[in-house]
Amino acid sequence: MFNEKIQKGLIRQLNRELESSHIYLYMASCIEKKGYEGICEFLYDHSNEERIHMLKLIRYINKRGGNVFLDNNISIINITYISLKDLFLKLFEHEQKISKEINSLVEVSLQEKDYFTYNFLQWYVEEQIEEEALIKMILDKIELIGGDKGGLYLFDKDMKNIHKNKKL
Ligand code: OFO
(Lines give C-alpha, C1' and ligand atoms only; values in the text may rest on other atoms or scores of the structure.)
Protein backbone atom coordinates (compact mmCIF):
# COMPACT_ATOMS: atom_id res chain seq x y z
CA MET A 1 0.00 0.00 0.00
CA PHE A 2 1.43 3.37 -1.10
CA ASN A 3 2.01 5.73 1.86
CA GLU A 4 -1.06 8.00 2.09
CA LYS A 5 0.86 11.15 3.07
CA ILE A 6 3.35 10.71 0.23
CA GLN A 7 0.61 9.97 -2.28
CA LYS A 8 -1.27 13.13 -1.27
CA GLY A 9 1.88 15.23 -1.63
CA LEU A 10 2.71 13.79 -5.06
CA ILE A 11 -0.84 14.32 -6.30
CA ARG A 12 -0.71 17.93 -5.13
CA GLN A 13 2.60 18.32 -6.96
CA LEU A 14 1.37 16.82 -10.22
CA ASN A 15 -1.50 19.30 -10.18
CA ARG A 16 0.99 22.11 -9.62
CA GLU A 17 2.93 20.94 -12.67
CA LEU A 18 -0.32 21.03 -14.63
CA GLU A 19 -0.88 24.55 -13.33
CA SER A 20 2.69 25.47 -14.38
CA SER A 21 1.99 24.14 -17.87
CA HIS A 22 -1.12 26.33 -18.04
CA ILE A 23 0.76 29.40 -16.82
CA TYR A 24 3.47 29.05 -19.50
CA LEU A 25 0.82 28.33 -22.12
CA TYR A 26 -1.14 31.42 -21.19
CA MET A 27 2.01 33.59 -21.22
CA ALA A 28 2.96 32.16 -24.66
CA SER A 29 -0.43 33.04 -26.02
CA CYS A 30 -0.16 36.63 -24.71
CA ILE A 31 3.34 37.05 -26.15
CA GLU A 32 2.42 35.56 -29.52
CA LYS A 33 0.14 38.51 -30.17
CA LYS A 34 2.93 40.97 -29.41
CA GLY A 35 5.27 39.75 -32.16
CA TYR A 36 7.97 38.12 -29.99
CA GLU A 37 8.43 34.99 -32.08
CA GLY A 38 11.35 33.48 -30.15
CA ILE A 39 10.04 34.18 -26.67
CA CYS A 40 6.67 32.79 -27.69
CA GLU A 41 8.31 29.53 -28.91
CA PHE A 42 10.26 29.29 -25.66
CA LEU A 43 7.09 29.65 -23.59
CA TYR A 44 5.13 27.11 -25.67
CA ASP A 45 8.04 24.65 -25.38
CA HIS A 46 8.24 25.24 -21.67
CA SER A 47 4.56 24.60 -21.25
CA ASN A 48 5.16 21.18 -22.85
CA GLU A 49 8.08 20.58 -20.48
CA GLU A 50 5.86 21.23 -17.48
CA ARG A 51 3.41 18.70 -18.86
CA ILE A 52 6.25 16.16 -18.96
CA HIS A 53 6.97 16.96 -15.29
CA MET A 54 3.33 16.18 -14.55
CA LEU A 55 3.43 12.94 -16.56
CA LYS A 56 6.51 11.70 -14.69
CA LEU A 57 4.59 12.09 -11.43
CA ILE A 58 1.47 10.38 -12.77
CA ARG A 59 3.46 7.39 -13.97
CA TYR A 60 5.40 7.14 -10.71
CA ILE A 61 2.22 7.22 -8.60
CA ASN A 62 0.66 4.52 -10.78
CA LYS A 63 3.82 2.42 -10.61
CA ARG A 64 3.64 2.54 -6.81
CA GLY A 65 0.02 1.42 -6.82
CA GLY A 66 -1.46 4.83 -6.00
CA ASN A 67 -4.43 6.62 -7.54
CA VAL A 68 -4.06 9.82 -9.51
CA PHE A 69 -6.42 12.76 -9.16
CA LEU A 70 -6.49 15.63 -11.67
CA ASP A 71 -7.71 18.96 -10.37
CA ASN A 72 -10.06 20.77 -12.76
CA ASN A 73 -10.21 23.92 -10.68
CA ILE A 74 -6.95 25.57 -11.60
CA SER A 75 -7.44 29.29 -10.97
CA ILE A 76 -4.39 30.86 -12.52
CA ILE A 77 -5.47 32.31 -15.83
CA ASN A 78 -5.75 35.90 -14.65
CA ILE A 79 -2.14 37.02 -14.77
CA THR A 80 -2.00 40.47 -16.32
CA TYR A 81 0.80 41.02 -18.81
CA ILE A 82 2.52 44.35 -18.23
CA SER A 83 6.02 44.01 -19.69
CA LEU A 84 8.53 41.30 -20.63
CA LYS A 85 10.39 41.91 -17.39
CA ASP A 86 7.18 41.65 -15.39
CA LEU A 87 6.23 38.43 -17.14
CA PHE A 88 9.56 36.74 -16.41
CA LEU A 89 9.56 38.07 -12.84
CA LYS A 90 6.21 36.36 -12.31
CA LEU A 91 7.62 33.15 -13.80
CA PHE A 92 10.69 33.39 -11.58
CA GLU A 93 8.54 33.78 -8.47
CA HIS A 94 6.45 30.85 -9.63
CA GLU A 95 9.52 28.62 -10.07
CA GLN A 96 10.78 29.62 -6.61
CA LYS A 97 7.41 28.60 -5.18
CA ILE A 98 7.67 25.22 -6.97
CA SER A 99 11.20 24.73 -5.61
CA LYS A 100 9.92 25.24 -2.05
CA GLU A 101 7.16 22.70 -2.65
CA ILE A 102 9.60 20.13 -4.02
CA ASN A 103 11.84 20.66 -1.00
CA SER A 104 8.90 20.08 1.36
CA LEU A 105 8.06 16.88 -0.51
CA VAL A 106 11.64 15.67 -0.15
CA GLU A 107 11.42 16.39 3.58
CA VAL A 108 8.18 14.37 3.89
CA SER A 109 9.73 11.46 1.98
CA LEU A 110 12.57 11.39 4.52
CA GLN A 111 10.24 11.68 7.51
CA GLU A 112 8.18 8.77 6.14
CA LYS A 113 11.35 6.81 5.31
CA ASP A 114 10.16 6.36 1.71
CA TYR A 115 13.56 6.20 0.04
CA PHE A 116 12.08 5.24 -3.35
CA THR A 117 10.19 8.53 -3.44
CA TYR A 118 13.20 10.38 -2.05
CA ASN A 119 15.25 9.02 -4.93
CA PHE A 120 12.53 9.77 -7.49
CA LEU A 121 12.31 13.39 -6.29
CA GLN A 122 16.02 14.03 -6.85
CA TRP A 123 15.23 14.56 -10.56
CA TYR A 124 12.88 17.39 -9.58
CA VAL A 125 15.45 18.91 -7.21
CA GLU A 126 17.99 19.07 -10.07
CA GLU A 127 15.34 20.34 -12.46
CA GLN A 128 14.38 23.21 -10.15
CA ILE A 129 18.01 24.35 -9.94
CA GLU A 130 18.02 24.48 -13.78
CA GLU A 131 14.62 26.15 -14.02
CA GLU A 132 15.42 28.94 -11.56
CA ALA A 133 18.81 29.55 -13.20
CA LEU A 134 17.26 29.65 -16.69
CA ILE A 135 14.56 32.19 -15.83
CA LYS A 136 17.06 34.27 -13.82
CA MET A 137 19.43 34.30 -16.81
CA ILE A 138 16.59 35.51 -19.07
CA LEU A 139 15.69 38.21 -16.53
CA ASP A 140 19.31 39.39 -16.38
CA LYS A 141 19.41 39.66 -20.18
CA ILE A 142 16.17 41.66 -20.25
CA GLU A 143 17.66 43.99 -17.61
CA LEU A 144 20.83 44.38 -19.69
CA ILE A 145 18.94 45.17 -22.91
CA GLY A 146 16.81 47.84 -21.24
CA GLY A 147 15.05 49.93 -23.89
CA ASP A 148 17.36 48.95 -26.79
CA LYS A 149 15.00 47.74 -29.54
CA GLY A 150 17.80 46.21 -31.65
CA GLY A 151 19.03 44.28 -28.61
CA LEU A 152 15.52 43.08 -27.92
CA TYR A 153 15.14 41.89 -31.52
CA LEU A 154 18.36 39.83 -31.29
CA PHE A 155 17.40 38.49 -27.86
CA ASP A 156 14.03 37.35 -29.21
CA LYS A 157 15.85 35.53 -32.03
CA ASP A 158 18.17 33.79 -29.52
CA MET A 159 15.23 32.67 -27.41
CA LYS A 160 14.08 30.37 -30.22
CA ASN A 161 16.99 28.02 -29.52
CA ILE A 162 17.34 28.39 -25.79
CA HIS A 163 15.59 25.09 -25.01
CA LYS A 164 17.72 23.18 -27.52
CA ASN A 165 20.74 23.86 -25.30
CA LYS A 166 18.96 22.61 -22.18
CA LYS A 167 19.19 18.94 -21.31
CA LEU A 168 15.91 17.39 -20.17
FE1 OFO B 1 9.05 24.78 -14.01
O2 OFO B 1 9.42 23.07 -13.33
FE3 OFO B 1 8.01 21.94 -13.23
O4 OFO B 1 7.00 23.04 -12.27
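**Entry 1. Starting point**

In which helix does Ser-99 lie? I looked it up and found Ser-99 in helix H3. Helices, as I use the word, are DSSP runs of H or I with at least four residues, strands are runs of E with at least two, and both are numbered from the N terminus. I note that this is a predicted model, in which local features need pLDDT of at least 70 and side-chain atom pairs count only at pLDDT 80 or more, while totals for chains, interfaces and linings use all residues. Residues are numbered from 1 along each chain as its sequence is written, and side-chain values use heavy atoms, with hydrogens and water left out.

Ser-99 counts as buried because its relative accessibility is 10%. Buried means under 20% relative accessible area, exposed over 50%, and partly exposed in between, with a 1.4 Å probe and protein chains only. Setting aside residues up to four places away in sequence, I found that Ser-99 touches Gln-128 and Glu-132. A contact here means heavy atoms within 4.5 Å.

**Entry 2. The whole chain**

I then turned to the overall layout. The protein has five helices and zero strands, and from the N terminus on its elements run α-α-α-α-α. I recorded a span of about 60 × 30 × 25 Å for the C-alpha trace along its principal axes. Of the 168 residues, 46% count as buried. Among contacts between residues at least 6 apart in sequence, 80% join residues at least 24 apart.

Two packed helices are described by the angle between their axes and the distance between the axes. Axes are lines fitted to C-alpha atoms, for helices over the stretch in contact, and angles run from 0 to 180 degrees between N-to-C directions.

At what angle do H3 and H4 pack? Helix H3 (residues 84–111) and helix H4 (residues 115–145) pack at about 160 degrees, and their axes are 9 Å apart. H3 is therefore roughly antiparallel to H4. Angles under 35 degrees count as roughly parallel, over 145 as roughly antiparallel, 65 to 115 as roughly perpendicular, and the rest as oblique.

I noted the crossing of H3 and H4 as left-handed, that is, with the near helix turned anticlockwise from the far one by less than a right angle; clockwise would be right-handed. By class, 19 nonpolar, six polar and six charged residues make up the contact of H3 with H4. Nonpolar covers Ala, Val, Leu, Ile, Met, Phe, Trp, Tyr, Cys and Pro, charged covers Asp, Glu, Lys and Arg, and polar covers the others, Gly among them.

In the loop between H3 and H4 I found Lys-113. Its phi is positive, about 55 degrees, although Lys-113 is not a glycine. Lys-113 is exposed, as its relative accessible area is 61%.

**Entry 3. H2 against H3**

Helix H2 (residues 37–63) packs with H3 at an angle of about 15 degrees, the axes being 14 Å apart. H2 is therefore roughly parallel to H3. H2 also passes H3 in a left-handed crossing. Which residues make the contact? From H2 I listed Ile-39, Phe-42, Leu-43, His-46 and Glu-50, and from H3 Leu-84, Leu-87, Phe-88, Leu-91 and Glu-95. These residues divide into seven nonpolar, one polar and two charged.

Further along H2 I looked at Ile-58. Ile-58 is buried, with a relative accessible area of 16%. Beyond its neighbours within four places in sequence, Ile-58 is in contact with Leu-14, Val-68 and Leu-70. Ile-58 and Leu-70 are 12 residues apart in sequence and 9.6 Å apart in space, C-alpha to C-alpha.

**Entry 4. Aromatic rings**

A pair of aromatic rings is described by the distance of the centres and the angle of the planes. Rings of Phe, Tyr and Trp (its six-membered ring) pair if their centres lie within 6.5 Å; planes under 30 degrees apart count as stacked, over 60 as edge-to-face, and the rest as tilted.

How many aromatic pairs are there? By this rule I have five. One of them, Phe-2 with Tyr-60, is edge-to-face, at 6.3 Å centre to centre and 75 degrees between the planes. This pair links distant parts of the chain, 58 residues apart: Phe-2 is in the segment before helix H1 (4–32), and Tyr-60 is in helix H2. Both Phe-2 and Tyr-60 are buried.

The pair of Phe-120 and Tyr-124 is tilted, with 5.6 Å centre to centre and 55 degrees between the planes. Both residues lie in helix H4, four residues apart, about one turn of the helix. Phe-120 counts as buried at 17% relative accessibility, and Tyr-124 counts as buried at 1%.
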